[in-house]
Amino acid sequence: MRRSRVASVVALGVASALMLAACGGGGSSEGGGAGAPGGGTFSLNINSDPENPLVPGNTTESEGGQVIRALFTPLVSYNTETVEVEYGAVAESIETEDNTTFTVTLKDGWTFHDGSPITSSSFVDAWNYTANVENAQGGAYFFSKIAGYDGENPKPAMEGLQVVDDRTFTVQLSAPFSQFPLMTGYTPFSPLPEAFFADPDAFGRQPIGNGPFKADTEYVPGQGITLSRFEEYAGDNPAQAGGIDVRLISDVNTAYNELIGGNLDVFRYQVPPELATIAPDELGDRFFEREASSFTFMG
């Protein structure tokens with residue numbers, strides 16, 4: 001692995017598209033100043049339709065993942081400088097004495113976008129559904145460390161998950177693993193409301209999450225989805241922008257031209273090599289460059 005400099009383009013004060021849910025946006029293309037709480041909306045491009053319906057346990061690729069991270073908040077958050085676990089999300093604490101059995105205590109007051117409360121069952125039922133091979137969820141293997149996980153045979157519930165009460169549940173692993181709390185900040189570990197189990201197909205088109213943004217429309221293949229700020233968000237990092245217009249633009253040059261023309265606020269691609277030398281001049285303070293790790297293979 002090598003460190004490389006990757007050029008990214010961001011507009012109107014949005015720190016990074018990959019930090020969409022964490023920073024809650026910050027740009028505005030329809031009124032409000034850049035980064036101003038209560039500002040308008042900003043547009044963000046993705047380059048392909050999500051591979052699967054928009055369900056946290058089944059959307060692990062980049063394009064759908066951008067949307068999922070805006071719509072859902074899992075148990076823990078991360079310090080963006082140290083990547084250490086922080087409790088700015090749904091969990092009040094995750095405690096263990098042996099790195100095998102963990103007790104998860106939830107904060108009070110969290111709700112889904114439909115107003116239903118988030119309880120221990122919201123997590124336990126979601127994790128069991130995702131881990132059950134019968135449901136063919138892309139994120140199932142992330143639960144392989146939990147006692148009772150079976151990646152080959154249908155298993156509706158894992159013995160390692162137990163609800164204690166509405167705000168407490170326990171997780172028993174099949175072997176000690178001290179980094180388990182770190183894993184729970186990844187989107188497959190998000191909770192699911194009862195509405196999901198009533199109609200998973202409809203839910204996948206217009207998810208009901210607990211994140212800083214909520215889905216105002218269904219995802220339209222070939223077009224995108226519109227999100228708006230969830231006013232009752234209980235996390236430490238509520239949305240600053242009023243909404244996000246997620247637009248599918250499959251061609252990188254088309255997306256770049258839309259950005260230059262003022263029709264796109266956040267450009268989610270690496271700048272094409274032929275444009276890398278002129279982009280800083282064309283975009284001025286809208287051009288943002290950062291380091292990123294990458295794998296490069298030759299063969």
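## Helix α3

The buried residues of α3 are S120, S122, F123, V124, A126, W127, N128, T130 and A131, where buried denotes a relative accessible area under 20%, exposed one over 50%, and partly exposed the range in between (1.4 Å probe, protein chains only). The helix is thus named from DSSP runs, in which helices are H or I stretches of at least four residues and strands are E stretches of at least two, numbered from the N terminus. With 9 of its 12 residues buried, α3 is mostly covered.

The model is predicted: local features require pLDDT of at least 70, side-chain atom pairs count only at pLDDT 80 or more, and totals for chains, interfaces and linings use all residues. Residues are numbered from 1 along each chain as its sequence is written, and side-chain values use heavy atoms, with hydrogens and water left out.

The end C-alpha atoms of α3 are 17 Å apart, which agrees with the 16 Å that its 12 residues should span at 1.5 Å a residue; the expected span is 1.5 Å times one less than the number of residues. The buried residues of α3 pack against β6, β7 (161–165), β8 (168–172), α4 (180–183) and α5 (194–198), a contact being heavy atoms within 4.5 Å.

## The chain as a whole

The chain contains 8 helices and 13 strands. Of its 299 residues, 47% count as buried. Among contacts in the chain with a separation of 6 or more, 61% are accounted for by residues 24 or more positions apart.

The chain exposes about 13,900 Å², of which carbon and sulfur atoms supply 48%. Accessible areas come from the Shrake-Rupley method with a 1.4 Å probe, and for residues only the protein chains shown count as cover.

## The four-stranded sheet

An open sheet of 4 strands has the order β5-β6-β8-β7, and its pairing is antiparallel; two strands pair if DSSP finds at least two bridges between them. β5 (91–96) and β7 stand at the edges with a single partner strand each, so one side of each is left without a neighbour in the sheet. From one strand to the next, the twist averages 20°, with axes taken as lines fitted to C-alpha atoms, for helices over the stretch in contact, and angles running from 0 to 180 degrees between N-to-C directions.

β5 and β6 are paired over 5 bridges in the antiparallel sense, and A91 stands opposite L106 in β6. β6 and β8 likewise pair antiparallel over 5 bridges; here the bridge partner of T105 in β8 is T168. Between β7 and β8, which run antiparallel, there are 4 bridges, and D165 stands opposite T168 in β8. Helix α3 packs on the sheet by touching β6, β7 and β8, and its direction makes about 170° with that of β7.

## The nonpolar cores

In soluble globular proteins, nonpolar side chains tend to be buried together. A nonpolar core is here a set of buried Ala, Val, Leu, Ile, Met, Phe, Trp, Tyr and Cys residues joined through side-chain atoms within 4.5 Å. The largest such core has 52 residues, of which L75, W127, F169, V171 and L227 touch the most other members. Helix α3 (residues 120–131) contributes the largest share of this core, 5 residues. A second, separate core of 12 residues includes A255, Y256, V271 and L275.

Not counting residues up to four places away in sequence, L75 touches A89, V90, A91, I94, V104, L106, F123, W127, F169 and T184. One of these, L106, lies in strand β6 (residues 101–106) and is buried, with a relative accessible area of 0%. Leaving aside neighbours within four places in sequence, L106 is in contact with L75, V90, A91, E92, T119, S120, F123, D166, R167 and F169. The C-alpha atoms of L106 and E92 are separated by 5.0 Å, although these residues are 14 apart along the chain.

N99 is found in the loop between β5 and β6. In the hairpin of these strands, which has 4 residues between them, N99 takes a positive phi near 60°, a positive value in a residue other than glycine. N99 is partly exposed, with a relative accessible area of 28%.

A136, in the loop between α3 and β7, has a positive phi of about 50° although it is not a glycine. This residue, A136, is exposed, with a relative accessible area of 59%.
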